[in-house]
Amino acid sequence: MTQDQLKAAVAAAAVETILPLLDDDTIVGIGTGSTANLFIDALAAHKLRFAAAVASSEASAQRLHSHGIEVVDLNSAGQLAVYVDGADETDPQLNLIKGGGAALTREKIVTAAARHFVCIADDSKWVEQLGAFPLPVEVIPMARSYVARELLKLNADPVWREGVVTDNGNVIIDVHGLWPIHNPAELESHINQIAGVVCNGLFAQRSADCLLLGSRDGVKRIER
Ligand code: 5RP
């Protein structure tokens, strides 16, 4: 099976997982990236079974619109029943690194607003310890150099993702060389304390509740 086929399998499994949660009033939180795109495509067949979606990026909102799924603002949605999104890395505790698609801040907000977070990933994302994938950090543009100097103090290698502007008008710094991250929740808090940092891509304080992991042996379901 190709990586895309594994992603499609977990997207389909996520639809099956959330179908019992859907009713006419349900608003579904939806993430960003190639796996989330496949989830949107699979969910579209059931669009009459829920009210609307909240998207974690403009790109996902556009894809939802293209399927005729209504997209609403999180401010008018209240608590979401469920949020479904991909990840760049997941460890066995379901701590994640996200933000490869630069949507980490909205992803973290929508995660926080959801009762249940279902992560979907192919098994290339499974790691024993996080940090081989460069950690994305969203930064206010005027703080870019200052934040990079502060991140150097972690004995890491911050790299500006040149040319990328987030949906919030900010920039991304990818922090290389953090592996192994021994305490993801502590590092998440520490980086968020740096002035100018909007958010970082560690999802450890609010990790996933359930991981659907696609492998050649089928889709494994891992609960926290
Ligand atoms: C976007 C994300 C994505 O969930 C993450 O990058 C995984 O993407 P893909 O499903 O394309 O592998 O965090 O900001």
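**A walk through the predicted model**

Leu94, at 0% relative accessibility, counts as buried, because buried means under 20% relative accessible area. In this predicted model, Leu94 lies in the loop between strand S4 (89-90) and strand S5 (96-97), and although Leu94 is not a glycine, its phi is positive, at about 65 degrees. Ala102, in the loop between S5 and helix H4 (104-112), is also a residue other than glycine with a positive phi, in this case near 70 degrees. With a relative accessibility of 11%, Ala102 counts as buried.

The peptide bond that joins Trp179 and Pro180 is cis, with an omega of about -5 degrees.

The packing of helices comes next. Two packed helices are described by the angle between their axes and the distance between the axes. Helix H1 (residues 3-18) packs with helix H2 (residues 34-43) at an angle of about 50 degrees, and their axes are 8 Å apart, so H1 and H2 are oblique to each other; their crossing is right-handed. H2 also crosses helix H3 (residues 58-66), at roughly 20 degrees, with axes that come within 10 Å, and H2 and H3 are therefore roughly parallel to each other. The crossing in which H2 passes H3 is right-handed.

On the surface, a nonpolar patch is formed by Ile140, Met142 and Val198, which together have about 310 Å² of accessible area. Val198 belongs to strand S10 (residues 197-200), and because its relative accessibility is 35%, Val198 counts as partly exposed.

Technical notes:
Residues numbered from 1 in each chain as written. Predicted model: local features only at pLDDT ≥ 70, side-chain atom pairs only at ≥ 80, totals over all residues. Heavy atoms only, no water. Patch = residues over 30% accessible without salt bridge, like charges linked within 9 Å, V, L, I, M, F, W, Y side chains within 5 Å. Areas by Shrake-Rupley, 256 points an atom, 1.4 Å probe, with all protein chains shown as cover. Salt bridge = Lys/Arg side-chain N within 4 Å of Asp/Glu carboxyl O. Helix = DSSP H or I, 4+ residues; strand = E, 2+ residues; numbered from the N terminus. Buried < 20%, exposed > 50% of the residue type's maximum accessible area, 1.4 Å probe, protein only. Axes fitted to C-alpha atoms, helices over the stretch in contact; angles between N-to-C directions. Parallel < 35°, antiparallel > 145°, perpendicular 65-115°, else oblique. Left-handed = near helix turned anticlockwise from the far one by under 90°.
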